[in-house]
Amino acid sequence: MNIDTIVTEQYRSKSFAELVDAPLTALHGIGEKEARALQEAFNVTTIGQLARHQVIANAFAIEMIAAPGSLSASETAKETLLDDAVEMTFPASDPISVDSGITRIEVAPEKVEAARDHQHALEIAAHNEQACGETNVGSAQTASKDIGTA
C-alpha cells in the first residue's frame, strides 16, 4: 500500500497508528466540506471512527462478497449441499462408534467354489423349483439350455 496515494502530504510521515486518530481531512478526497458532511451524517471525526463505522463495514462486506468470481446465493447453496454429500460419502475422519457392531473376523468363512455355484445359483434354483413346483433356469435339469453355461 502506497501511503502517498491515501493521505495528504502533511500526514505522509505519520505511522498507521497515528493516522487512525487523524482527522478525516487527512485522507485524499475528503476536504472540509466532506468532513463536515460525514460528521453530521455518521458522527465521525477521525479516520479510525470512519473505518469502524457499522455502515461502512456493511458496505465493505457486501462489496467483498459481490466481487467477481464469488458465487451467487444459489451457487453457494449447491456448493454447500455438494460439500455435505461428499462428507456423508467419505466419513473417514469421523470417529468409529463404540457400539458400531464392527467385529473382527479371525477365520475366513467357507468359500463357495464360484465355477460350480456362482452366487449360490444352485441353491436359488432349488428354492425357486420348490416354490413354483417346476424346473426353473439354473437347475441341474435345465443346465444344458441355460444361457452362459459351459
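Colleague: Leaving aside its neighbours within four places in sequence, which residues is Thr 46 in contact with?

Modeller: Please note that this is a predicted model, in which local features need pLDDT of at least 70, side-chain atom pairs count only at pLDDT 80 or more, and totals for chains, interfaces and linings use all residues. Residues are numbered from 1 along each chain as its sequence is written, and side-chain values use heavy atoms, without hydrogens and water. Contact means heavy atoms within 4.5 Å. Beyond those neighbours, Thr 46 touches Val 20, Asp 21, Ala 22, Pro 23 and Leu 24.

Colleague: Is Thr 46 buried or exposed?

Modeller: Buried means under 20% relative accessible area, exposed over 50%, and partly exposed in between (1.4 Å probe, protein chains only). Thr 46 has a relative accessible area of 15%, so this residue is buried. Thr 46 belongs to the loop between α2 (32-42) and α3 (47-52); helices are DSSP runs (H or I, at least four residues), numbered from the N terminus.

Colleague: How many salt bridges does a search of the whole structure find?

Modeller: A salt bridge is a side-chain nitrogen of Lys or Arg within 4 Å of a carboxyl oxygen of Asp or Glu. The search of the whole structure gives one. A salt bridge joins the side chains of Arg 12 and Asp 4, at 3.8 Å from N to O. Arg 12 is partly exposed, at 33% relative accessible area, and Asp 4 is partly exposed at 37%.

Notes:
Helix = DSSP H or I, 4+ residues; strand = E, 2+ residues; numbered from the N terminus.
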